[in-house]
Amino acid sequence: MTAMLKQRRFLIEVLTAIGLIAAPFVLPHLGFAPNTVNRILVWGLFGLGFDILFGFTGLLSFGQSAFYGTGGFVAAYLLTRAGFPNVFLALVIGMVAAAVTGYFVGLIALRRTGIYFAMITVAIAEVFYFVEFNPLAEWTGGENGLPGVPTPSFNLGFTTLHFTTGWSLYQFLAACYFVGVVIALRIVRSPVGAILSAIRDNPLRATAVGHNIHGYKLTAFVIAAAYAGFAGGLLGVMQAFMPPDAFMFETSGQLIMQTAIGGPGTLFGPLVGAAVWLFLQDFLQSALGLGAAWKLVLGAVFVLLVCFLRRGIIGGIADLYRLAFGKRAHRESAAASAKALTAEEEQAIAEADVAKQPDPPPMAPLNRAGDGYAGPILQATGLTKRYGGLLANSDIDFTVNHGELRGIIGPNGAGKSTFFKMLTCEVAPTSGKIVFEGLDITGMNVTDVCQLGLTKSYQVNQLFSGLTVRENLTIAALSELRGKFRLDMFRSLQSIPGLSEQVERTLELVNLTTRPDTPVSELAYGEKRRLEIGLALATSPSLLLLDEPLAGMSPRERVETVKLLKSISKGRTMIIIDHDMDSLFELVGRVTVLQEGRVLVEGTPDEIKNNAVVQEAYLGGVHGVLDA
Amino acid sequence: MINWPNFVSQLFNGLALGALLALISSGLTIIYGTLGVLNLAHGAMFMLGGYAGYVTYTYTGSFILAVIGGSLFVMILGIVMERVIIRHFYNRPHEDQLLVTFGLGICFVEIVRFIFSSQSLVVPPPPLLQGITSLGFMYYPTYRLAVVGIVAVALAALFIVLYRTRLGMIVRAGIEDSVMVDSLGINVYRVFMIVFGIGAMAAGFAGIINAPVVSLTPGIGDDILVQTFVVVVIGGVGSFPGAILGGLIAGEIISITSMINPGYAYVMLFVAMTLVLVLRPHGLLGAQGRD
């Protein structure tokens with residue numbers, strides 16, 4: 001769906017406009033009353049923000065009613081009790097109030113993720129409901145709500161546009177919804193939108209490639225609150241009355257269910273869901289005479305959809321479309337690309353490619369502030385990590401110079417990965433000090449360290465599995481080009497200077513130029529491994545750590561990857577952990593051997609090969625030539 | 001000017017509510033701790049316990065049978081729910097688990113509303129526990145006193161099951177690391193099913209015990225669910241002792257604030273939750289690492 005959203009510039013905007021203009025002529029024939037259509041639009045607008053939060057960022061909030069109600073009551077209070085004349089301005093003020101509320105609520109709720117986040121948002125929304133009913137009853141009318149909310153009119157000088165009820169008000173609501181869609185699409189297509197999907201897919205890696213994900217999550221939360229606030233205001237305008245049940249948990253619940261029914265991550269899912277919901281409600285209640293049981297039927301429909309059609313109605317239609325038309329396109333493209341080839345053949349082609357390809361131009365690391373520094377690029381002193389009684393790393397002194405290619409070997413459990421995690425500041429050392437390019441980075445976080453130019457590729461792939469190869473690399477490159485946090489929500493990805501060049505260069509370096517638009521889930525293992533390195537590389541690190549880059553690869557893939565690593569290493573400092581010593585000794589200039597959390601010995605590959613202590617560590621005292 | 005007898009009776013109310021919340025929350029928290037699923041239908045299970053007890057009571061006239069009927073019904077429902085639906089969601093994202101249990105909760109509430117309508121129903125306390133008891137300086141409804149005792153016994157039973165039996169040891173090990181338990185040759189799925197049943201039963205039992213205190217409506221579980229969340233966040237997700245401590249704290253906060261102004265009960269509860277989140281993000285007795 002995301003791919004579909006990106007197809008053609010303004011295609012979706014134009015289709016939305018056409019749909020909104022056509023609706024009053026078509027929908028009455030399908031049995032939709034104008035008031036029902038208006039309600040669908042308000043829910044749809046409410047849902048645009050929620051979908052950015054849930055569908056795109058992966059944060060399932062059960063507390064959106066708090067912002068819906070806040071925006072609605074602020075606007076309604078201004079228009080009724082405070083005698084504020086301008087309806088539209090009141091709606092905007094309501095939206096701002098909701099966004100500010102969202103900011104503070106987000107600060108608390110986003111302290112935790114997953115189910116904690118869900119529970120906290122439920123609790124906060126309940127607080128708002130009770131506050132509206134009791135302490136603030138004087139302002140909100142308590143359980144009576146605020147009646148008498150006026151409808152908007154605009155004085156254009158020569159004439160006055162007044163939107164009253166039914167299809168007249170529809171025009172105003174449709175205009176609001178259209179603007180809402182345009183803004184939401186811009187956000188989704190902006191760098192911020194790209195990072196939001198990265199957070200949904202793999203928050204850990206999004207942090208590690210240098211994005212301040214907490215800031216971006218809070219941004220999504222505030223966006224959702226703003227949409228909710230504006231929609232809440234519209235609810236009052238539409239009904240000429242601001243109902244207190246806007247604050248009820250049922251409101252949040254209905255929004256979630258409509259979004260799931262329509263299809264999350266599509267922006268239009270909530271609108272479709274609301275249409276289905278309100279239509280079925282009318283139909284079940286009046287046509288079938290089910291009375292109050294309509295909600296039971298809708299609840300059952302919802303459960304079935306979650307069980308069997310997780311991507312909702314729009315997702316289901318998109319899948320059907322792909323099944324019907326996509327297959328043909330797929331077959332055509334398969335003939336052209338290597339897609340339909342067997343893994344064997346593909347391998348051969350890839351290898352031939354590697355052989356004939358001229359070495360891609362080396363990608364220089366970014367010039368950063370610390371570059372004037374002449375000493376060693378990395379210096380760790382007395383690095384110790386203790387997990388309870390287990391001493392993972394003990395008093396490690398480790399220095400790497402600019403431009404060096406260092407290998408780290410050691411038996412399983414020697415503490416190699418823990419050592420890397422401390423260097424990239426994923427885990428804090430129990431004691432000791434890490435200096436990177438003359439800067440003490442001990443106790444910093446992994447995001448800041450990545451921004452400084454130190455990052456690693458993981459032992460176990462940490463990719464953004466729902467996105468394509470190109471999108472993956474884009475997210476990593478964005479961190480270098482934009483810093484760890486920037487709110488360029490209305491900027492398109494294409495307009496960022498240097499982004500596509502950097503992505504293309506990285507694609508070339510990791511030899512994935514033939515498959516930029518393939519979803520990660522369809523990649524072969526070796527390709528995933530190369531993308532894993534590409535993710536680290538796209539941040540243009542001056543020091544790159546590679547945690548077992550060759551692990552799990554076939555001999556052929558190893559050859560290819562070693563070649564890849566060689567070309568990456570030009571003009572860059574790298575530290576590589578691996579068990580494949582033949583490859584490692586061929587690559588690196590010096591080797592550090594870790595054993596039981598300590599540095600055993602350090603030297604050139606030849607020195608290490610012939611070192612009796614190392615042979616003892618690996619072979620348990622059997623003396624001979626180490627050649628494995 | 002504080003009215004002392006009133007204050008003390010509110011303290012008792014808080015204790016009774018807190019004990020109930022503790023019991024319901026332990027059900028929620030052991031299910032989450034073991035299965036990794038947050039059951040949003042837990043509030044509906046509490047409500048169903050009350051209604052199943054009510055039905056048993058109308059047919060038999062016995063309160064004790066009502067308690068047994070209510071608890072058993074919800075336990076069996078929990079087991080069926082785990083087998084038929086929840087089991088297929090273990091490998092799906094947390095969001096899907098939340099969505100499906102949320103939907104199930106709505107279905108349960110609406111089924112009850114369909115059968116019993118929205119009118120409130122009353123289950124009288126057993127004859128032995130009717131009336132009021134003199135505590136020397138004040139009078140207090142006998143049944144509410146008894147609730148504290150009954151729930152304490154139930155919590156003790158749960159404690160024994162969790163901490164003194166083989167099953168409990170497996171459950172606690174499962175909370176730590178369910179993959180490891182699986183690889184030790186223990187059928188984790190069977191344990192999951194039993195845990196879901198026990199957790200649901202805790203809610204159902206609380207539902208019927210609570211029925212004589214507050215009259216039954218189909219929506220009674222919704223508020224309880226929210227309070228349970230606060231309890232779990234305060235106590236620490238997955239922690240049985242945390243659920244008890246959190247329950248008592250939440251019960252007293254609600255009761256004492258209600259004495260001054262009921263409108264602020266939730267606000268104070270929320271303030272307490274926020275304080276815990278800021279000062280101890282993993283809850284008062286929660287373990288680090290689970291998220």
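Start by colouring chain A by pLDDT. The mean for chain A is 86, and 89% of the residues score at least 70. Select helix α11 (residues 213-239) of chain A, where confidence is highest, at 96. Then select helix α1 (residues 2-5) of chain A, where confidence is lowest, at a mean of 46. Where pLDDT is low, the predicted coordinates should not be read in detail.

Now show both chains. Their contact takes 36 residues from chain A and 34 residues from chain B. On chain B, select α4 (94-116), α8 (220-235) and α10 (265-279), each of which supplies at least two residues to the side that touches chain A. α4(B) gives the most, with 15 residues. By residue type, the side of chain B that touches chain A divides into 24 nonpolar, four polar and six charged.

Stay in chain B and select helix α5 (residues 142-164) and helix α6 (residues 166-183). Their axes come within 5 Å and cross at roughly 75°, so α5(B) and α6(B) are roughly perpendicular to each other. To see where they meet, show B:Val161, B:Leu162, B:Tyr163 and B:Arg164 in α5(B), with B:Leu167, B:Gly168, B:Val171 and B:Arg172 in α6(B). The residues of this contact are five nonpolar, one polar and two charged.

Conventions:
Residues numbered from 1 in each chain as written. Chains lettered and ligands numbered in written order. Predicted model: local features only at pLDDT ≥ 70, side-chain atom pairs only at ≥ 80, totals over all residues. Axes fitted to C-alpha atoms, helices over the stretch in contact; angles between N-to-C directions. Helix = DSSP H or I, 4+ residues; strand = E, 2+ residues; numbered from the N terminus. Parallel < 35°, antiparallel > 145°, perpendicular 65-115°, else oblique. Contact = placed C-beta atoms within 7 Å. Nonpolar A, V, L, I, M, F, W, Y, C, P; charged D, E, K, R; others polar. pLDDT = per-residue confidence, 0-100.
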